[in-house]
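Q: Hi, could you walk me through this structure? I'm new to this.

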Amino acid sequence: MEQKKRKIWTQSILLLVIGCFFSQLSASSDVKLYESFEDAFEGRWIVSEKEDYKGVWKHSKSEGHEDYGLLVSEPARKYAIVKELDEVVNLKDGTVVLQYEVRLQNGLECGGAYIKYLRPQDAGWVAKEFDNESPYSIMFGPDKCGATNKVHFILKHKNPKSGEYVEHHLKYPPSVPSDKLTHVYTAVLKPDNELSILIDGEEKKKANFLSSEDFEPPLIPAKTIPDPDDKKPEDWDEREKIPDPDAKKPDDWDEDAPMEIPDEDAEKPEGWLDDEPEDIDDPEATKPEDWDDEEDGEWEAPKVDNPKCSEGPGCGEWKRPMKQNPAYKGKWHAPLIDNPSYKGIWKPREIPNPDYFELDKPNFEPIAAVGIEIWTMQDGILFDNVLIATDEKVAESYRQTAWKPKFDVEKEKQKAEEDTDSDGLKGYQKVVFEQLYKIADLPFLGEHKGKVLDLLEKAEKQPNITIGVIVSVIIVVLTILIKLLFGGKKQIPAIPVEESKKSEAAESSNSQGASDEKEEKEEEHNEDGAAPARRRTRRAN
């Protein structure tokens with residue numbers, strides 16, 4: 001009996017060991033690339049030797065952790081580094097997960113923190129020549145500068161008709177978290193053409209590669225296009241309303257009547273000083289000793305307000321105040337009526353698109369290397385835990401074991417600092433801004449998203465304008481939502497900028513020491529205007 005029990009235990013343990021072995025083998029086969037940067041990267045990652053890329057990469061610890069990563073060590077530099085894979089990763093079959101961590105330890109005002117997943121390069125290409133011209137299959141990750149604030153997802157897809165590679169950008173991507181914590185970015189490519197973008201394990205965007213609503217330009221061209229040779233007929237009338245030809249101006253309509261007239265009922269206040277000027281020579285002013293009449297002209301004392309005017313009801317010539325003219329009607333216009341010749345807004349006829357093609361699945365290029373090629377104005381960007389896997393659960397396990405413990409520590413430290421910081425935003429304000437940033441990620445904001453994010457960032461830096469900005473954002477969001485729900489032809493109003501102008505004025509006074517490199521980088525997003533010339537005049541004191 002004892003021998004039988006021992007045999008059963010032995011078999012059970014053996015089965016458990018075998019099960020664990022195959023489980024580990026399966027998990028290992030699901031991981032196509034994993035880079036933890038615990039060891040120095042030299043030899044495994046190749047730094048570009050191209051002249052433009054002078055930024056120095058360092059193997060460095062994340063602030064407050066014993067965990068190492070790949071560090072952008074200098075501001076205002078271009079960086080490029082690449083790792084070639086032992087085996088190319090096929091994106092056409094099954095699920096593929098692209099995931100990595102990045103920590104913006106000094107924030108991110110203008111720069112990128114994205115990764116390029118390179119397709120197989122042309123013959124003769126070597127890793128040390130990696131640059132912005134090296135062809136990629138996918139570009140994924142944060143990018144922020146000026147009005148740009150997004151987590152990029154760009155697919156470079158080969159047009160099956162022309163053979164050219166075209167960049168297809170994800171529409172309305174999520175925005176970049178505005179703190180200095182470690183965040184993990186995940187892109188899940190599924191065999192049903194679905195794409196999911198996750199930040200810290202939370203899905204922020206779902207899209208379909210073949211949908212024209214999700215990518216710009218769409219992967220599949222439109223079936224028809226406007227005929228470029230079609231011309232609008234000369235007699236085509238697009239006016240929906242026209243002036244009534246039978247209408248006549250009323251006989252009593254005076255187009256010359258002024259908008260305002262003097263108030264005849266007004267009376268000059270008692271004690272008005274008609275003979276006193278409003279301004280007088282400053283009695284305390286004296287001619288400067290170095291004043292030369294021949295060179296500077298005849299000296300005149302500067303003017304000051306006449307003190308007698310402030311003591312009485314007023315000085316100088318009294319004039320009746322103006323009031324609204326009850327007879328004012330302005331220029332007469334005939335009322336508008338429906339145009340009997342109206343044909344609608346003319347559009348050219350649609351013809352078959354000669355460049356149209358159909359796709360069942362995107363023609364993904366395989367991934368042969370992983371590269372980081374960025375231009376950033378901030379240092380302190382730390383990349384870590386770069387993963388390519390074929391199982392979402394594997395990616396989730398890495399988030400839980402490699403990212404989550406670090407994030408929790410950083411979050412607690414941030415909360416403690418907020419509780420003790422009396423000068424920055426209060427805790428409740430942080431909560432408000434977190435919710436507003438989530439609202440800014442809503443897809444229906446469309447082209448207004450960049451303006452909303454810009455206002456939110458300015459409000460975070462200057463708490464005194466927070467309320468005004470919040471009201472402005474709420475008004476814009478509600479206006480767009482009402483338009484979507486009820487339709488209408490009215491244009492969506494521009495975001496109120498009174499408060500943001502105050503912010504810009506305050507920021508400009510502190511920006512005199514900004515580097516030329518930052519101005520050059522921001523030119524990618526904004527056009528610079530010429531500064532007006534200034535004239536200097538000499539004034540008497």
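A: A word on terms: helices (H or I, at least four residues) and strands (E, at least two) are DSSP runs, numbered from the N terminus. This is a predicted model, where local features need pLDDT of at least 70, side-chain atom pairs count only at pLDDT 80 or more, and totals for chains, interfaces and linings use all residues. Residues are numbered from 1 along each chain as its sequence is written, and side-chain values use heavy atoms, with hydrogens and water left out.

Q: Thanks! Which strand does Glu-35 lie in?

A: Glu-35 is part of strand β1, residues 31-35.

Q: Is Glu-35 buried or exposed?

A: Glu-35 is buried, because its relative accessible area is 5% (buried means under 20%, exposed over 50%, partly exposed in between, with a 1.4 Å probe and protein chains only).

Q: And what is Glu-35 in contact with, leaving aside its neighbours within four places in sequence?

A: Arg-44, Trp-45, Lys-83, Asp-384, Asn-385 and Val-386 are in contact with Glu-35 once those neighbours are set aside; contact means heavy atoms within 4.5 Å.

Q: New topic: why is strand β10 largely enclosed?

A: Strand β10 covers residues 148-158, and nine of its eleven residues are buried, so the rest of the structure largely encloses it.

Q: How many bridges join β9 to β10?

A: Eight bridges join them, and the two strands run antiparallel. Strands pair if DSSP finds at least two bridges between them. Pro-142 sits opposite Val-151 of β10. The β9-β10 hairpin has two residues between the strands, and Gly-146 there takes a positive phi near 60 degrees.

Q: What about β10 and β11?

A: β10 pairs with β11 (residues 165-170) in the antiparallel sense, over five bridges. His-157 has Val-166 in β11 as its bridge partner. Six residues lie between the strands in this hairpin, where Gly-163 takes a positive phi near 80 degrees.
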